[in-house]
Amino acid sequence: MRPDERQTESMAAGFRARFPGHDFAVASPARLEDLTLPPPRLHPPAPLAAAFSDDPYDRAGHTYGKSYRDVVRGFRGQLDHPPDLVAFPSDESTVSAILDWATSADVLVVPYGGGSSVVGGVECPDQGHTGVVSMDLGRLNQVLEVDRTSRAARIQAGILGPALEDTLRPQGLTLRHFPQSFEFSSLGGWLATRSGGHYATARTHIDDFTESIRAVTPAGIYESRRLPGSGAGPSPDRLLLGSEGILGVITEAWMRLQDRPRWRASAGVRFTRYADAVSATRAVVQAGLDPTNCRLLDETEAAMSAGSGGGVSLLVLGFESADHPVDVPMARALELCADHGGTCPEGPRSSGPAPADAGPGSGSPAATSAPAVPSGPAGAADAVGAWRNAFIRAPYGRDALVAMSMIVETFETACTWDRFEALHAGVTEAVTRALGQVCGDGWITCRFTHVYPDGPAPYFSVLGPGRPGSEITQWDEVKAAAAEAILTHGGTITHHHAVGRDHRPWYDRQRPELFGRALRAAKAGLDPAGILNPGVLIDP
C-alpha cells in the first residue's frame with residue numbers, strides 16, 4: 001500500500017508543478033540501528049520481569065502514535081523521551097500487579113492499544129517521575145465468549161480490528177465498527193477514545209455498540225453490569241468511554257453484535273452548488289432513512305479524491321442490511337437529492353442477497369487520512385469507487401508526504417446545521433490565511449464523515465509545502481488557526497479523533513469547568529497517585 005520510490009517521486013513532481021519554487025526533495029527516514037536511545041531508568045520487579053521489555057525496537061515503537069507531529073519526529077529519529085520499559089501483560093492479574101508496582105514506585109503508565117492515536121494520546125511524558133512504562137495490551141486479544149441469542153460478545157481489549165472480525169465471521173456475526181484505523185487499532189483503543197466508525201448515521205460511535213466495560217484501575221476493578229439499557233443514575237460505561245487511559249486500563253468489554261449484511265446499494269450524487277448538496281444531505285438524514293454511508297465531498301475533495309472533475313460536489317450514499325433489500329430507502333434518498341438539484345445519471349448499484357462478508361463499505365486502513373493527488377474525471381459510480389480507494393490509500397501516502405516536508409493534517413468537528421455555513425466559511429478562511437502565512441500556499445478540503453438529524457461532522461484536510469526542519473512549527477500554527485476557528489463558530493474540538501495532548505488547550509475551553517472538577521475527582525478516586533497517562537484530558 002505504501003507508495004514505492006517511483007510513485008513517491010511522481011507525487012513530488014506533481015507537487016512541484018502545483019507549488020512552484022518548492023523543491024520537494026524526498027528525504028530518507030532515520031534508521032533504528034542508527035538511533036541512540038536514553039538508557040532505561042527502571043528495572044521491573046523480578047516477579048514481573050517476564051512481562052517487560054527494554055528492547056530498543058519496542059521502546060522506539062511505543063514512543064509515539066500517528067499524529068503528524070509524531071510521524072515527523074519519528075521520521076527524523078527524534079526519540080528524546082521513549083518509555084523506559086514496555087509492558088506486555090497477558091492477563092488481567094498482571095495488569096493489576098503492574099499498576100500496583102507503578103503506584104508504589106512513582107512510575108507513570110501509558111496504556112497502549114494499536115498506537116494509532118492521531119492526537120498525541122500515547123506519547124510518553126517526562127514529568128520528573130521515576131520513569132515511564134508503556135503498557136501494550138496486544139496480548140489480551142481474544143473473543144472470550146459469544147452470546148448468539150442476545151447477539152453480543154465478551155472481547156478482550158487488545159484485539160485488533162481484523163482479528164476481531166475474523167473470529168466473529170464463522171458465526172455470521174460482526175461488530176461492524178470500521179474506523180479508518182481498523183487494521184491497526186484495538187477494541188480498547190476504540191473504547192478509550194470514543195472512536196467513530198463506518199456508519200455515517202445512527203450508530204456512529206463505539207458507544208452505540210457497548211453493553212458493558214471492565215477495567216483495572218489503581219484503586220481496583222471497575223466493571224459495569226451487562227444490560228441492554230438502564231436508567232439507574234449516570235452510566236458507569238460513559239465514565240470510561242472517552243477517558244483516554246487516565247482512569248484505568250480497559251481490559252475487556254461486552255459488545256453488541258449484528259448479523260452480517262447481505263444486501264447493499266450505493267450511489268454517487270453530483271451537485272453543481274455546494275449549498276444544495278448540504279441541504280440534500282440534511283434532508284436525507286432528517287428523513288430517518290439511516291444510510292450507512294452519507295459522506296458529502298466538497299468540490300476540491302471530490303476532484304482530488306474521487307476524480308469527479310471540477311465544479312461538482314459529490315454525495316456518496318450507501319445502504320446495507322442483513323435482513324432485507326435496501327432499494328426502497330435508496331430510491332427515496334435519491335428523490336430527496338433530486339429535489340435539491342442532485343443528479344445520479346448512472347443510477348444506484350445494488351447487490352444481494354449475498355453471502356455475509358466482512359468488508360467495511362468505506363475501507364479500513366491506517367491511522368489518519370491525507371489529501372490525495374488529483375485524478376481525472378469519472379462518472380458518479382466510478383467516482384464512488386475512486387473515492388473509496390483514495391480513502392484506503394491515503395494514510396499510507398502520508399509517510400511519503402512527510403518525506404517531502406509537506407504540511408499535512410486532518411481535523412474534524414461537529415456542529416448544528418444552522419451553524420455549518422458560518423463554521424465552514426470561518427474555518428476555510430482562517431486555515432487558508434494561515435497556510436499563506438506559514439507555507440506560502442496550500443489547500444483545504446472538506447467532507448462530511450458523519451451526519452445527524454441536528455448537524456453534520458465536517459472533516460477538513462489540509463496540505464501545504466513545508467520547510468525542512470520547520471514542519472512542526474508550521475503545523476502548530478495551522479493547527480491552532482483551525483482549532484480557534486472551530487471553537488469560535490460553535491463546533492467541537494473533536495468529533496472522533498479524541499483529545500490527547502494536541503487538543504488539550506481547546507478541550508479545556510470547551511469543557512464546562514464544573515465537569516472538569518468532577519473528572520478530576522473521578523481521577524483522584526480511581527488513580528490517587530496520578531500515574532495513568534498524565535496530561536491527557538486533565539492535569540493531575
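Trainee: Helix 8 passes helix 10: is the crossing right-handed or left-handed?
Mentor: Right-handed, in this predicted model.

Trainee: At what angle do the axes of helix 8 and helix 10 cross?
Mentor: Roughly 145°. The axes come within 8 Å. Helix 8 covers residues 274-286, and helix 10 covers residues 327-339.

Trainee: Which residues make the contact?
Mentor: From helix 8, Ala-280, Ala-283 and Val-284. Helix 10 brings Ala-333, Leu-336 and Cys-337.

Trainee: Switching to pockets. How much space lies in the second largest pocket?
Mentor: About 650 Å³. Its lining has 26 residues.

Trainee: Which of them lie nearest its centre?
Mentor: Arg-194, Leu-241, Gly-242, Thr-494 and Tyr-507.

Trainee: Which helices each supply at least two residues of that lining?
Mentor: Helix 7 (236-240), helix 14 (504-510) and helix 15 (513-526).

Trainee: How does the lining divide by class?
Mentor: The second largest pocket has 12 nonpolar, 10 polar and four charged lining residues.

Trainee: Now the backbone. Where is there a cis peptide bond?
Mentor: Between Gly-352 and Pro-353, with omega about -5°. Pro-353 is in the loop between strand 15 (349-351) and helix 11 (380-403). Most peptide bonds are trans.

Trainee: Last one. What pLDDT does the chain average?
Mentor: The average is 91, and 92% of the residues score at least 70. Over residues 358-378, though, the pLDDT is below 50. That stretch still has 95 contacts in the model beyond near neighbours in sequence.

Definitions and conventions: Residues numbered from 1 in each chain as written. Predicted model: local features only at pLDDT ≥ 70, side-chain atom pairs only at ≥ 80, totals over all residues. Heavy atoms only, no water. 1 Å grid on protein atoms, 1.4 Å probe; cavity = no way out; pocket = protein on both sides within 12 Å on 5 of 7 lines; lining within 4 Å. Points joined across faces, edges and corners; volume = space filled by probe spheres on them. Helix = DSSP H or I, 4+ residues; strand = E, 2+ residues; numbered from the N terminus. Nonpolar A, V, L, I, M, F, W, Y, C, P; charged D, E, K, R; others polar. pLDDT = per-residue confidence, 0-100. Contact = heavy atoms within 4.5 Å. Axes fitted to C-alpha atoms, helices over the stretch in contact; angles between N-to-C directions. Left-handed = near helix turned anticlockwise from the far one by under 90°.
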